[in-house]
Amino acid sequence: MSNLREDPILEAYLTETTQLVEQLEEIILVCEEARGFSEDMIHEIFRIMHTIKGSSAMMHFTNIATLAHALEDLFSFMRNHPQQEFEWSTLSDLMLEGVDFTKLELCKIKNGDAPDGDESDLIRRVKRILESLERGELNPIPQAPLSRHYKAHFFFTEDCGMENVRAYQIVHQLKEMVEEYRHHPDNILDELAADVIRTHGFQLWLKTDKLYDEVYSLLSNTSYLRQLELFLTDSMAEQQAEEGSAAENEVCHDNKQTAEKQHPSRDKEAVPNTSRHQGKTINVNVHKLDELMDLVGELVIAEAMVTQNTDLIGLELEQFQKASRHLQKITKEIQDKVMEIRMVPLVMSFQRMQRVVRDMSKELGKDVQIKMVGEHTEVDKNIIEHISDPIMHLVRNAIDHGIETVEDRVAAGKPETGVLTLEAQNIGGEVLIIVRDDGRGLDKARILQKAREHGLIHKPEADMTDRDIYNLIFLPGFSTKEAITEYSGRGVGMDVVVQNIAAVGGTVSVDSTPGQGATFTIKIPLTLAIIDGMNVRVGESKYTIPTTSIDSSFRPNERDIITDPHGNEMIMVRGNVYPIIRLHERYRVETNITRIVDGILIMVEQDGHRTCVFVDELLGQQQVVVKALPAYIRSFHSIEGISGCTLLGDGEISLILDVQGLLNMK
Amino acid sequence: MKNVTDMQKDIESYEEDSQKDKYLTFMLDDECYGLEIRYVTEIIGIQKITPVPEMPDFVRGIINLRGKIIPVMDVRLRFRKPFQPYMDRTCIIVVDIHEICIGLIVDRVAEVITIPESEVVSPPDVQKRGNRFVMGIGKVGQEVKLLLDCEKLLNDHEVEQLHANT
């Protein structure tokens with residue numbers, strides 16, 4: 001990784017190429033769904049392959065570049081022969097293999113290894129397809145044999161650098177489709193050529209059977225292109241003449257003027273798409289965002305230190321108050337913006353599943369269709385990283401164990417195609433991610449039997465609801481499928497999913513209807529970095545309870561308090577009895593307030609379980625920046641019921657209570 | 001590129017040299033202890049400590065060091081000496097041991113001294129528990145300084161943990 005930081009060009013290459021490859025994968029999957037490649041898609045794929053080829057060649061990752069080149073050739077052919085019939089499914093399989101290959105190589109580069117994968121087999125297959133396409137061309141396009149002469153004049157954006165290499169890319173890309181070509185300057189691999197191109201542009205003469213528009217659009221795909229002039233010339237003779245004069249660097253200017261006269265409208269269009277996009281998004285390292293987040297957190301505290309400074313007590317400072325209110329407003333806005341920056345839509349994670357579904361259903365001979373709902377729901381970047389694997393696991397499980405084979409489905413009177421729904425929705429401060437399949441559902445009897453075998457049942461079976469039984473599958477050491485397939489059931493079961501999700505403060509639950517499918521629901525907090533919290537005091541210590549888990553807080557009445565024979569205290573609220581947790585006892589904090597009626601009870605709720613937490617007093621509600629406890633503290637053991645800490649306005653530290661953990665403490 | 005890394009190495013080795021054999025000494029009761037200076041980040045006065053539940057007694061809690069939250073350890077309690085209330089002479093020595101930042105609470109900080117390697121002897125092989133944190137004894141004139149093994153101070157808490165479990 002250190003390697004990466006030192007080389008911004010490599011980092012940019014990796015980010016860009018990774019994005020392109022993902023985009024490519026998405027397009028192929030869309031095409032596959034549509035059972036064919038539309039013209040737009042072919043153009044898009046061509047453009048992507050072209051960019052990957054160019055940048056990979058520039059970075060000297062030859063295997064990626066050659067593969068991209070081969071695929072580009074293939075799509076260039078398809079683009080130019082839209083009438084040509086082809087077998088889309090073999091093609092998309094091959095493309096996906098190419099995608100996988102490139103991904104693997106990128107991964108190697110990321111880890112600092114050399115990209116040493118062997119692309120020759122893939123290329124051979126691409127070539128074979130291309131050849132068969134060419135052979136299969138029964139009706140050659142009539143105007144094809146008519147060769148034309150073109151002259152193209154390129155100008156690159158001023159600061160693009162390495163003009164000669166870019167020119168080389170153009171030439172290289174043209175080689176395949178033109179019959180003859182020559183260019184000025186001649187030796188573009190020479191460093192000096194870069195200067196000439198920078199000042200006078202790059203000139204190219206070519207002879208090809210392509211139409212003007214085709215050539216134009218191909219050439220205008222060049223990156224960092226500022227201006228492109230392309231016109232038809234009559235013969236090679238003119239080329240010679242022009243070349244001669246251009247070599248003296250005199251006529252260039254005149255040429256440009258005539259060109260502008262000839263195609264004034266073209267020039268404006270020549271601005272490549274890429275530069276238009278560049279202004280809109282930038283890629284930022286997440287670590288930088290984390291740092292920014294920390295700084296903003298400190299800013300919020302510093303602001304509170306200034307505006308609530310004890311030196312100000314008793315002073316009437318109208319102007320100061322005004323100014324500090326303004327400051328508060330701005331800091332709040334900065335905080336919101338930083339949070340917003342960190343939010344990314346789930347769509348990427350979901351789309352990755354499309355591929356999984358496709359590969360698995362092919363492999364297992366099942367017909368599965370993926371449906372996505374609410375994929376634009378946004379979640380904190382850090383959380384996304386933690387939930388991709390669990391979602392993948394659930395999806396694999398659903399296809400492997402949930403959805404039946406086509407024959408079974410028909411026998412059960414269901415439609416042949418199984419539907420896997422990925423759904424995301426935003427509820428309060430939480431995001432629900434639902435993985436639903438319409439397969440056979442969970443087998444209650446088998447789950448019970450298995451749980452019994454492993455001694456996982458701790459309460460009378462008669463008392464267990466269906467939901468309780470289904471949720472047994474999340475216990476460690478539980479795995480229902482005996483046969484191990486490639487995709488799931490490798491001994492690591494659902495408990496891993498639960499652990500991963502719990503690491504970001506989320507929960508997983510399952511429900512199922514036999515014969516109709518199963519629904520897995522992942523509940524995760526919207527963000528880890530900032531939460532709305534209620535600050536409370538117990539003795540000298542301060543705690544913060546996430547507002548999302550608070551139901552209500554109240555001053556209890558003596559007569560509502562019940563103590564059972566074991567000394568457990570409970571309280572009756574609106575006809576229901578809830579246990580009381582005394583924080584000062586739980587965490588051994590010294591306090592003067594030990595009678596329940598002297599303090600405050602806060603009713604907290606998590607997953608339908610409620611309990612009352614007893615504290616000295618409420619301090620107020622506030623947005624707090626969540627910080628992890630220091631590693632040294634965590635190295636002893638995880639403290640049940642405390643998920644982290646935060647800094648309060650006065651610089652004091654408050655411990656953040658984890659309601660789930662509190663409820664689990666017995 | 002090579003030159004820059006070389007220079008960096010030079011600087012690093014120079015810094016290492018300048019810190020070699022230097023110790024920050026502090027007092028617990030009448031005993032004088034030394035810490036290798038390369039671990040020390042800064043020294044701050046005692047400040048409000050937020051206790052963290054379920055920690056061994058020598059981990060007093062966490063403090064807010066300019067927005068960074070770091071744990072603090074009472075070295076007296078670590079050495080099984082009786083607790084003494086904190087006063088204005090009480091100091092927190094902030095050390096950074098392999099990226100782990102921690103504050104050490106000591107009675108008072110004395111000085112920075114140089115003890116050449118030749119003046120350091122290994123501790124006598126006494127079975128006493130407190131001794132396992134001492135990696136050497138430095139002689140400065142007539143006095144002796146107990147030189148602490150910072151890493152053990154942090155990591156060697158198996159004994160306490162066993163104790164806590166039983």
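Predicted model: local features only at pLDDT ≥ 70, side-chain atom pairs only at ≥ 80, totals over all residues.

Q: Where does D29(B) sit, and what is its phi near?

A: First a convention: helices (H or I, at least four residues) and strands (E, at least two) are DSSP runs, numbered from the N terminus. D29(B) is in the loop between β1 (22-28) and β2 (31-36) of chain B. Its phi is near 50°, a positive value in a residue other than glycine. R80(B) is not a glycine either, and has a positive phi of about 60°. It lies in the loop between α2 (75-78) and β6 (91-97) of chain B, and it is exposed, with 11 other C-beta atoms within 10 Å.

Q: Which residues does I115(B) touch?

A: Contact here means that the C-beta atoms of two residues, placed from the backbone, lie within 7 Å. Leaving out residues up to four places away in sequence, I115(B) touches D21(B), Y23(B), V120(B), G138(B), V140(B) and K145(B). With K145(B), the separation is 30 residues in sequence and 9.4 Å in space, C-alpha to C-alpha. I115(B) is in the loop between β8 (108-114) and β9 (120-121) of chain B and is partly exposed, with 19 other C-beta atoms within 10 Å.

Q: On to chain A. What is the order of the strands in the open sheet of 5 strands?

A: Strands of a sheet pair through backbone hydrogen bonds, either parallel or antiparallel. The working rule is that two strands pair if DSSP finds at least two bridges between them. In chain A the order is β6-β8-β9-β11-β10, with mixed pairing. β6 (368-373) and β10 (507-513) of chain A are at the edges with a single partner strand each, so one side of each has no neighbour in the sheet. Neighbouring strands are turned by 15° against each other on average, direction ignored.

Q: How many bridges join the strand pairs, and in which sense do they run?

A: β6(A) runs parallel to β8 (residues 418-427) of chain A, joined by 6 bridges, and V368(A) has G418(A) as its bridge partner. β9(A) and β11(A) are antiparallel over 8 bridges, with V431(A) opposite I524(A). β10(A) and β11(A) are antiparallel over 7 bridges. Their hairpin has 3 residues between the strands, and G515(A) there takes a positive phi near 80°.

Q: Which strands does helix α17 of chain A lie across?

A: For directions, axes are lines fitted to C-alpha atoms, for helices over the stretch in contact, and angles run from 0 to 180 degrees between N-to-C directions. α17 (residues 381-402) of chain A lies across β6, β8, β9 (430-437) and β11 (517-525) of chain A, at about 20° to β9(A). Helix α21 (residues 494-503) of chain A also packs on the sheet, touching β10 and β11 of chain A, and its direction makes about 135° with that of β10(A).

Q: At what angle do α2 and α3 of chain A pack?

A: Angles under 35 degrees count as roughly parallel, over 145 as roughly antiparallel, 65 to 115 as roughly perpendicular and the rest as oblique. α2 (residues 8-34) and α3 (residues 39-58) of chain A pack at about 155°, with their axes 10 Å apart, and are therefore roughly antiparallel. Among the residues making the contact are L20(A) and I27(A) of α2(A), and I45(A) and I48(A) of α3(A).

Q: How many residues of chain A are in contact with chain B?

A: 17 residues of chain A are in contact with 17 residues of chain B. On the chain A side, α23(A) gives the most, with 3 residues.

Definitions and conventions
Residues numbered from 1 in each chain as written. Chains lettered and ligands numbered in written order. Buried ≥ 20, exposed ≤ 12 C-beta atoms within 10 Å, placed from the backbone.
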